[in-house]
Amino acid sequence: MRIVLFGATGRTGQPLIDQALERGHEVVAFVRDTAGLPQTVQEDSHVTVVEGDAYNGEDVARAIGGDGNPVDTVVSVLGQTSDGPDDLLTVAGGHALAAMDENGVERLITLVGAGVREDGESVTLSGRVMGALLKLMARSVLEDARDHVEMVRDSNTRWTVVRPPRLTEDAHTGEFRHGTDITLGMRDTAARANVAEFILDCLEDNQYVHEMPKIADR
Ligand SMILES: NC(=O)c1ccc[n+]([C@@H]2O[C@H](COP(=O)([O-])OP(=O)(O)OC[C@H]3O[C@@H](n4cnc5c(N)ncnc54)[C@H](OP(=O)(O)O)[C@@H]3O)[C@@H](O)[C@H]2O)c1
């Protein structure tokens, strides 16, 4: 599969590239600065690096459209940086959806926090406390993710929205649980490397199309 990865230099993006290559995929790594990728990844014959800014529609379209050789799948693990604007996921997601439409690319997987809920979703007391804290501490991040998810859900793509609790850089264990109705508590976390594995599983097995699964370490 040819996968374009937005957020390729990030803490989830890096294990995702490594695992995608291990699984035999081709990766188009969308980066602001190639130097953010390890040398081994830069030199891998199955990696194409596209430099650009996710706020720029032409850059995003170039990565997805691939000069007449569009990717099969779009994966976004973009995350806002402290010095950046607070609508990254919404704007970049809009550009990606437009380019997917233009190039006939159907599959999209995007990563947001478990604080983005589905209508009518049951939430534990600790989930509500965490939601309230998130609103206090990172309201704009949450609003951006919610707006992004709304656009994705309204699109004609075969989308999956992956929703972990707090992410960690713990080791890749492959030991995680996932589901649309699993409950998450204050202590739940997800190793970014496990999230990467789950995203690739969803892609390869066509899991959770038009769903918003949660994932957490066991
Ligand atoms: N932190 C948590 O506990 C948590 C929990 C659940 C979900 N999430 C969500 O998971 C997602 C990924 O998180 P993460 O911690 O893996 O992210 P991260 O390490 O902060 O990486 C963010 C990535 O986005 C890229 N990026 C930012 N602005 C960009 C732009 N304008 N154009 C192109 N690329 C841009 C960064 O590129 P540069 O290297 O160039 O900066 C980097 O590759 C985020 O959306 C986050 O909200 C986080």
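This is a predicted model: local features need pLDDT of at least 70, side-chain atom pairs count only at pLDDT 80 or more; totals for chains, interfaces and linings use all residues.
Colleague: Let's start with single residues. What makes histidine 210 exposed rather than buried?

Modeller: Histidine 210 has 10 other C-beta atoms within 10 Å. The label "exposed" applies at 12 or fewer, so histidine 210 is exposed. You will find histidine 210 in the loop between H6 and E10.

Colleague: Tyrosine 208 is in the loop between H6 and E10 too. Why is tyrosine 208 called partly exposed?

Modeller: Tyrosine 208 has 19 other C-beta atoms within 10 Å. Buried needs 20 or more, and exposed needs 12 or fewer. The count of 19 lies in between, so tyrosine 208 is partly exposed.

Colleague: What is the phi of tyrosine 208, and what is the phi of histidine 210?

Modeller: For tyrosine 208, phi is near 55 degrees. For histidine 210, phi is positive, about 65 degrees, although histidine 210 is not a glycine. As background, most residues other than glycine have a negative phi.

Colleague: Which residues is threonine 189 in contact with, leaving aside its neighbours within four places in sequence?

Modeller: Those residues are Pro165, Arg166, Thr168, Ala216 and Asp217. Contact here means C-beta atoms within 7 Å. For Thr168 there is also a C-alpha separation from threonine 189, 6.8 Å, although the two are 21 residues apart along the chain.

Colleague: Now the strands. How do you know that E1 and E2 pair?

Modeller: Pairing needs at least two bridges, and 5 bridges join E1 to E2, so the two strands pair. E1 and E2 run parallel, with arginine 2 opposite glutamate 26 in E2. E2 also pairs with E3 in the parallel sense, over 5 bridges, and there valine 28 stands opposite threonine 48.

Colleague: What makes E2 mostly covered?

Modeller: Of the 6 residues in E2, 5 are buried. E6 is mostly covered as well, with 4 of its 5 residues buried.

Colleague: Which elements make right-handed β-α-β units?

Modeller: E1, H1 and E2 make one such unit. E5, H5 and E6 make another. In the latter, E5 and E6 pair in the parallel sense over 5 bridges, and leucine 108 stands opposite tryptophan 159 in E6.

Colleague: What covers the buried residues of H1?

Modeller: The cover includes strands E1 and E2 and helices H2 and H6. The buried residues of H1 are Gly13, Gln14, Pro15, Leu16, Ile17 and Ala20.

Colleague: Which residues have the most contacts inside the largest nonpolar core?

Modeller: Val4, Leu5, Ile64 and Ile199 do, in a core of 58 residues. H6 gives the largest share of this core, 8 residues. Leaving aside neighbours within four places in sequence, valine 4 is in contact with Val28, Phe30, Ala63, Ile64, Val71 and Val74.

Colleague: Last one: which residues come nearest to the ligand?

Modeller: Of the 26 residues around the ligand, Gly10, Arg11, Thr12, Ala54 and Gly79 come nearest. The shell divides into 10 nonpolar, 10 polar and 6 charged residues.

Definitions and conventions. Residues are numbered from 1 along each chain as its sequence is written. A residue is near a molecule or strand if its C-beta atom, placed from the backbone, lies within 6 Å of it. Ala, Val, Leu, Ile, Met, Phe, Trp, Tyr, Cys and Pro count as nonpolar, Asp, Glu, Lys and Arg as charged, and the others, Gly among them, as polar. Two residues are in contact if their C-beta atoms, placed from the backbone, lie within 7 Å. A crossover is right-handed if, with the strands pointing away from the viewer, the path from the first strand over the helix to the second runs clockwise. A nonpolar core is a set of buried Ala, Val, Leu, Ile, Met, Phe, Trp, Tyr and Cys residues joined through C-beta atoms within 7 Å.
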